[in-house]
Amino acid sequence: MRNHDQLINQLSESAQPVRRIWPTAWRVVGWAALVLPCGALSSWALHSRYTDWSQPGAIPAMIALLLSFIVGLSAIAGAFTLSIAGRKPPKVKWPALLALTWLALNLGNMSLSQPGSGAGRFGEGIHCYLFMLSASVPMIVISVVSLYRTRSLRPGKSLALAGCGIAFMSSVLLSLCHNTHLHMIDFMMHLAAGITIIVLTVLTGRRWVRLAGH
Amino acid sequence: MPVTDARAQHWPALMARAQAGDKEAYNQLLKAMVPAIRAFVRKKIADEVLVEDVIQETLLAIHRVRHTYDPRRPVLPWVAAIASARAVDALRQRGRRQEVQDEDALNVQLADSKDSDASQHDLTDCLDSLPVRQRQIVESVHLREQSLAQAAAENNLSLSAVKSLLHRAMLNLRKYGSGKHEKS
């Protein structure tokens, strides 16, 4: 058995007062208060109109927006919890159920037909894709910085959960400037944007969030 | 682990003082934690040298994330999670190193058949068996004859981190050398 006293003496000698991290609930509130305005600002150039809530399909769209917000908050809460050593991994049952309800609502509020006018729905879908990505950029930075403060013993899972949270929050912002009724290619592009955001979050943060030994 | 549980009862208070900057409390706490960390690590690793390495890694990790501990919560799950993650990382690293060593051994065999410089290969082989950071420090201090302070500055590390890396590198080299000697 080796004597670790020398290392311990060095560590305790260099120890400065530290500021404890906030409880997860406060961290989530702070995160949401920061990412939503930043996401709105960064996607402002792609913001063309406000949602007309008098359109058909407004009620399912509103419920889907609310679900996006709740699932986004749950996902980031899970990411923050998981990043702290010894905390129990978050239960995914309820958020997963809400996410499935969100998916069902969107599928129910979607038509397979192409719109009759305009430059084709694929173009509109790409606009939505770019909107979600541009909204997510500051959100990714803020989330990685938040997770960098605690580091994580499970960086991949923490970042994937954070990516989910960011994707749903981008979707919240998109819902505020989108038709209430969805078209299939359009919705596929929303899903593709969500997956891209999750992958980008994991790739961007992996190096920073990992708790290295030294 | 009832004995450790009983001893750990006053650790949250010590950690709270340590978080506030009380160096003595922090020193006392880390020293008290070592046997518990050793017990956690031994559940995953049998190799005694590696166990001691992982204890050091765990102490460094605890130091780095000490602000994430909430003194209202039990301390042992927090320590156990860090120790366990460090142990798994060490086993993964050793597995990768083993693969690299096997590949290098093959390369060395091929090189020997071509009458290349054996001692150069031995040195490279030894250094390749080390993790990147340990190798960099050994090269700085022992091959380029830099002082510990110079090596710390060049590698953007604290002096204590350099000493710790060098110490572990020497142990790993000794272990690697004895393993190789037994094989030949």
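What share of the contacts in chain A with a separation of 6 or more comes from residues 24 or more positions apart? That share is 92%. This is a predicted model, and the predictor scores the complex at an ipTM of 0.81 and a pTM of 0.74.

- Chain A has a mean pLDDT of 90, with 93% of its residues at 70 or more.
- Chain B comes in at a mean pLDDT of 81, and 77% of its residues reach 70 or more.
- Within chain B, helix α1 (residues 2–7) has the lowest confidence, with a mean of 63, while helix α3 (residues 23–42) has the highest, at 95.
- Watch out for residues 116–120 of chain A, where pLDDT stays under 50. The model gives that stretch one contact beyond four places in sequence.

**Chain A at a glance**

- Chain A has seven helices and two strands, and along the sequence they run α-α-α-α-β-α-α-β-α.
- Its C-alpha trace spans about 75 × 35 × 25 Å along the principal axes.
- Of its 214 residues, 39% count as buried.

**Chain B at a glance**

- Buried residues account for 29% of its 184 residues.
- Take the contacts in chain B between residues at least 6 apart in sequence: 59% of them join residues at least 24 apart.

**Nonpolar cores**

- The largest nonpolar core holds 42 residues, and Ala79(A) and Met132(A) are the ones that touch the most other members.
- Six helices of chain A each give two or more residues to this core: α2 (24–42), α3 (58–82), α4 (93–108), α5, α6 and α7 (184–209).
- The top contributor is α6(A), with 12 residues.
- A second, separate core has 39 residues, including Met33(B), Ile37(B), Leu60(B) and Val65(B).
- Back to Met132(A): setting aside neighbours within four places in sequence, its contacts are Ser170(A), Ser171(A), Leu174(A), His190(A), Ala193(A) and Ile197(A).

- Thr201(A) sits in helix α7 of chain A. It counts as buried because it has 28 C-beta neighbours inside 10 Å, and the cut-off is 20 or more.
- Beyond its neighbours within four places in sequence, Thr201(A) is in contact with Ile140(A), Ser143(A), Leu159(A), Ala162(A), Gly163(A) and Ile166(A).
- Thr201(A) and Cys177(A) are 24 residues apart along the chain, and their C-alpha atoms are separated by 24 Å.
- Arg151(A) lies in the loop between α5 (121–150) and α6 (155–175) of chain A.
- The phi of Arg151(A) is near 55°, a positive value in a residue other than glycine. For context, most residues other than glycine have a negative phi.

**Where the chains meet**

- On the chain A side, 26 residues are in contact with 34 residues of chain B.
- Helix α1 (residues 5–13) of chain A supplies the largest share of chain A's side, eight residues.
- By class, chain A's side splits into 11 nonpolar, nine polar and six charged residues.
- α1(A) packs against helix α4 (residues 48–64) of chain B at an angle of about 10°, with the axes 11 Å apart. That angle is why α1(A) is called roughly parallel to α4(B), as the class takes in angles under 35 degrees.
- In this helix pair, Leu7(A), Ile8(A) and Leu11(A) of α1(A) meet Gln56(B), Leu59(B) and His63(B) of α4(B).
- The contact between α1(A) and α4(B) has four nonpolar residues, two polar ones and no charged ones.

Note on methods:
Residues numbered from 1 in each chain as written. Chains lettered and ligands numbered in written order. Predicted model: local features only at pLDDT ≥ 70, side-chain atom pairs only at ≥ 80, totals over all residues. Contact = placed C-beta atoms within 7 Å. Helix = DSSP H or I, 4+ residues; strand = E, 2+ residues; numbered from the N terminus. Nonpolar A, V, L, I, M, F, W, Y, C, P; charged D, E, K, R; others polar. Axes fitted to C-alpha atoms, helices over the stretch in contact; angles between N-to-C directions. Parallel < 35°, antiparallel > 145°, perpendicular 65-115°, else oblique. pLDDT = per-residue confidence, 0-100. Core = buried A, V, L, I, M, F, W, Y, C linked by C-beta atoms within 7 Å. Buried ≥ 20, exposed ≤ 12 C-beta atoms within 10 Å, placed from the backbone.
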